[in-house]
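Trainee: Could you take me through one part of this protein slowly? I would like to learn how to read a pocket.

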Amino acid sequence: MITVNLPNPIGEEHWGLWIALYFFLAGTTGGAYLLSVLFYGKDQGLVRRSALWAFLGVVVGAGLLVIDLGQPLRFLNLLLNGLYPASVMWLGSWFLVLAGAGLLWVYLGPTSRGVQQGVAVLVALVVGYTAVLLMQTAKPFWNASPLLPWLFLASAATAGGALLQLWYPHEKLSRLVTVSALVEGAVLALHLIWTYPAATPGVLALLVGPLAWAFWGFVVVGWGLPLFLERRNVALAALLTLVGAFLLRYFVVMAGQV
């Protein structure tokens, strides 16, 4: 199995960089597709372009999952060896397959608004199930509060909006990104406060411990600075927001394993 990790002195971890990258790609490209369908449905060029980005995010993300598993056949076994509707991982795998097929369909040819919205539901499930998957474990940083799915959805909206801004800067989109970033920051703060009694080592690792570089990097570079720059330099704000989106998923994945 290939193992590559950013500086992480917390010791051995079960899930590392590949999982964080998968969460980042699924959230960012999925968020871009959701925003384009919800708020820019009349712009079919934008919807189809964001569908292509989200499709590539699903394909690359699935590849990262296979790398993390170490055995590609284990991924196929998950899909082909029976029905396991009570398994979040089994459901998530099928969400990936169906969302990927739907996104490719939207990209390749004209589709109705209803089809695009149906695919958006599948994409939202892909974005949200990653947090639900973490919550199914016995790790208090992940499951001591019910806010993790909402944090991932808010982050997906922020990062997806930032991705759209790189080729479609627009005043309405700028307002959406600002609002979703504020919601994301509030949900993150509430999650840390909520989980602190049960997951004190994980929260302290973020605030003053070995993961502080990622947490404060997100707060300062990937969240606060983009909010400041949103009306001054949209492209730079968008790029920094994407950096922050990755850092958020990285420290969430790692802090749950402290």
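Trainee: Which helix gives the largest share of the lining of the second largest pocket?

Mentor: Happy to! Keep in mind that this is a predicted model. The answer to your question is H1, which brings five residues to the lining of the second largest pocket. H1 spans 17-39, and it has partners here: helix H7 (148-165) and helix H8 (171-195) each supply at least two residues as well. Now find the lining residues on your screen. Among them are Gly31, Leu34, Leu35, Leu38 and Phe39, then Leu153, Ala154, Ala156 and Ala157, and also Leu176, Val179 and Ser180. Sorted by class, the lining has ten nonpolar residues, two polar ones and no charged ones. The space inside comes to about 240 Å³. As for the idea behind such a search, rolling a probe the size of a water molecule over the atoms shows where empty space is left.

The mean pLDDT of the protein chain is 87, and 91% of the residues reach 70 or more. Confidence is highest in H10, with a mean of 96, and lowest in helix H3 (residues 72-80), with a mean of 67. Over residues 1-10 the pLDDT is below 50, although this stretch has 28 contacts in the model beyond near neighbours in sequence.

Helix H9 (residues 200-207) and helix H10 (residues 212-229) pack at an angle of about 65°, and their axes are 6 Å apart. Ala205, Leu206 and Leu207 in H9 meet Ala212, Phe215 and Trp216 in H10. This contact has six nonpolar residues, no polar and no charged ones.

Notes:
Residues are numbered from 1 along each chain as its sequence is written. This is a predicted model: local features need pLDDT of at least 70, side-chain atom pairs count only at pLDDT 80 or more; totals for chains, interfaces and linings use all residues. Side-chain values use heavy atoms; hydrogens and water are left out. On a 1 Å grid over the protein atoms alone, a cavity is a set of points where a 1.4 Å probe fits but cannot get out, and a pocket is an open set with protein on both sides within 12 Å along at least five of seven lines; lining residues have an atom within 4 Å of a point. Grid points are joined across faces, edges and corners, and a volume is the space filled by probe spheres set on the points. Helices (H or I, at least four residues) and strands (E, at least two) are DSSP runs, numbered from the N terminus. Ala, Val, Leu, Ile, Met, Phe, Trp, Tyr, Cys and Pro count as nonpolar, Asp, Glu, Lys and Arg as charged, and the others, Gly among them, as polar. Axes are lines fitted to C-alpha atoms, for helices over the stretch in contact, and angles run from 0 to 180 degrees between N-to-C directions. Contact means heavy atoms within 4.5 Å. pLDDT is the predictor's confidence in each residue, from 0 to 100.
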